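This is a short walk through a structure, one region at a time. Keep the sequence and the model side by side while reading.

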Amino acid sequence: MPGPTLEMEPVEPQSLKKLSFKSLKRARDLFSPAHGELAPPDPESKRIRTSHKISVEYGGIEPTASQKPPRRAESSAPGRGPQGPSNALALPDSRDSSTEGAQNALVVGPSAPRAPNDVGISGRGTLAVSAPGSSERYSTSALMERIPSRWPRPVWHAPWKIYRVISGHLGWVRSIAFDPSNKWFCTGSADRTIKIWDVGTGTLQLSLTGHIEQIRGLAVSSRHTYMFSAGDDKLVKCWDLEQNKVIRSYHGHLSGVYCLALHPTLDVLLTGGRDSVCRVWDIRSKMQVHALSGHDNTVCSVFTRPTDPQVITGSHDSTIKFWDLRYGKTMSTLTHHKKSVRAMAQHPKENCFASASADNIKKFNLPKGEFLHNMLSQQKTIINAMAVNEDGVMATGGSLDSEAAIYALSYDVTGTRLVSCEADKTIKMWKQDENATPETHPLNFRPPKDIRRF
């Protein structure tokens with residue numbers, strides 16, 4: 001006969017927060033059996049804290065006896081000596097007797113501005129607790145300096161408006177590049193053509209054919225009369241703008257080529273594609289110098305610098321890699337993003353860059369790649385393109401659906417005109433509204449309460 005069955009008692013569903021508190025309490029019981037008792041006084045710790053108090057309240061200047069606020073008599077609780085903790089941050093001397101007897105926590109706001117050489121209470125907000133029976137039980141947080149949130153207010157810029165719409169392509173416009181002389185710009189499209197447009201008038205100057213799939217990357221050399229293009233047909237082409245024809249092709253990619261960049265000081269071309277590799281080409285010999293392999297998915301964004309790290313790539317594997325161009329090896333990998341890094345933009349003047357993903361837009365410094373901050377305004381969509389001008393104005397373009405998308409963005413050489421390439425087969429040119437003022441278009445800025453660090 002089968003044995004008796006044991007009925008399992010139902011398990012009470014518990015939240016993650018409750019389980020975390022249970023785990024914390026159990027760890028405290030295990031490793032601190034005397035958690036009900038107060039820790040013994042530490043004179044050295046108190047000395048460090050009080051010296052920090054002096055530097056906070058008096059700007060690092062040791063106060064004279066007349067400038068020090070009167071100290072309260074220390075409690076004579078059993079088991080506590082004169083070394084017990086006291087109020088680390090005192091209120092100003094001007095408090096009256098009613099304030100002395102107050103039983104609530106008192107918050108001192110910022111004081112009036114003072115001359116640089118004056119000695120007095122700092123303008124930063126401080127906290128003093130005056131509750132009965134608790135003068136001997138101050139936590140570390142009550143002894144630390146309170147630093148107010150000082151998020152920098154953005155500089156006002158005039159809003160941008162469309163001043164010209166250019167039609168001519170028969171498919172999605174996927175890429176753009178400006179001539180270093182700022183006289184013309186070129187666009188690549190899903191109609192497999194490259195078109196060259198006049199910057200001043202927006203008129204079509206030339207159409208180039210040669211690719212058999214959509215063109216995803218364009219670059220114009222500032223050192224030669226060359227233009228480079230890359231597309232889904234696995235081809236990378238070099239165009240001679242004096243003859244208006246292809247003079248070189250670079251073969252090696254195993255799938256579509258999604259991004260393209262020219263080195264600022266070397267005759268080197270970089271391309272990234274669906275084969276998860278960024279390839280380094282010698283422009284003159286057509287030879288592949290390096291195959292920068294290490295990404296686990298499509299390399300969809302790349303830019304270069306004259307100094308290390310000379311190559312930075314972003315991928316659909318949600319990572320950003322810094323590369324050593326001499327040895328073709330990875331220098332470091334940034335894993336801050338959670339989704340595909342489809343666009344990156346380097347600041348023209350500062351040593352920093354921004355990267356865009358569907359989760360957030362992040363800013364990193366160079367050359368170490370340290371994370372600086374997230375952008376406050378989040379674009380809840382897939383971001384395909386980014387551009388930054390010398391004034392620090394960053395533009396991002398993304399996809400809402402298949403027929404409402406911006407695939408490429410670029411400022412002109414001066415940074416005063418912005419050109420967007422869109423899925424409606426048009427090219428839109430933008431400029432700042434000359435009639436806008438801070439009064440007519442006020443800056444609606446609210447400092448964030450909670451900053452997402454990652």
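Which backbone oxygen does the side chain of Trp 156 reach? The model is predicted, and in it the side chain of Trp 156 reaches the backbone oxygen of His 441, at 2.8 Å. Trp 156 itself sits in the loop that runs between helix 4 (140-143) and strand 3 (160-167). His 441 is one of the residues in contact with Trp 156 once neighbours within four places in sequence are left aside; the others are Ala 436, Thr 437, Pro 438 and Leu 443. Trp 156 counts as partly exposed because its relative accessibility is 26%, which falls between the 20% and 50% cut-offs.

Ser 410 belongs to strand 26 (residues 404-411). With a relative accessible area of 14%, Ser 410 is buried, because the limit for that class is under 20%. Not counting residues up to four places away in sequence, Ser 410 touches Ile 176, Phe 178 and Ala 387, as well as Arg 417, Leu 418 and Val 419.

Four strands form an open sheet in the order 12-13-14-15, and their pairing is antiparallel. Strand 12 (257-262) and strand 15 (288-293) are the edge strands, each pairing on one side only. On average, neighbouring strands of this sheet are turned by 20° against each other, direction ignored. Strand 12 pairs with strand 13 (residues 268-273) in the antiparallel sense over five bridges. Leu 260 has Thr 271, in strand 13, as its bridge partner.

Note on methods. Residues are numbered from 1 along each chain as its sequence is written. This is a predicted model: local features need pLDDT of at least 70, side-chain atom pairs count only at pLDDT 80 or more; totals for chains, interfaces and linings use all residues. Side-chain values use heavy atoms; hydrogens and water are left out. Two strands pair if DSSP finds at least two bridges between them. Helices (H or I, at least four residues) and strands (E, at least two) are DSSP runs, numbered from the N terminus. Axes are lines fitted to C-alpha atoms, for helices over the stretch in contact, and angles run from 0 to 180 degrees between N-to-C directions. Buried means under 20% relative accessible area, exposed over 50%, partly exposed in between (1.4 Å probe, protein chains only). Contact means heavy atoms within 4.5 Å. A polar contact is a pair of N or O atoms within 3.5 Å; within protein, one must be able to donate a hydrogen and the other to accept it, and residues adjacent in sequence count only if both atoms are side-chain atoms.
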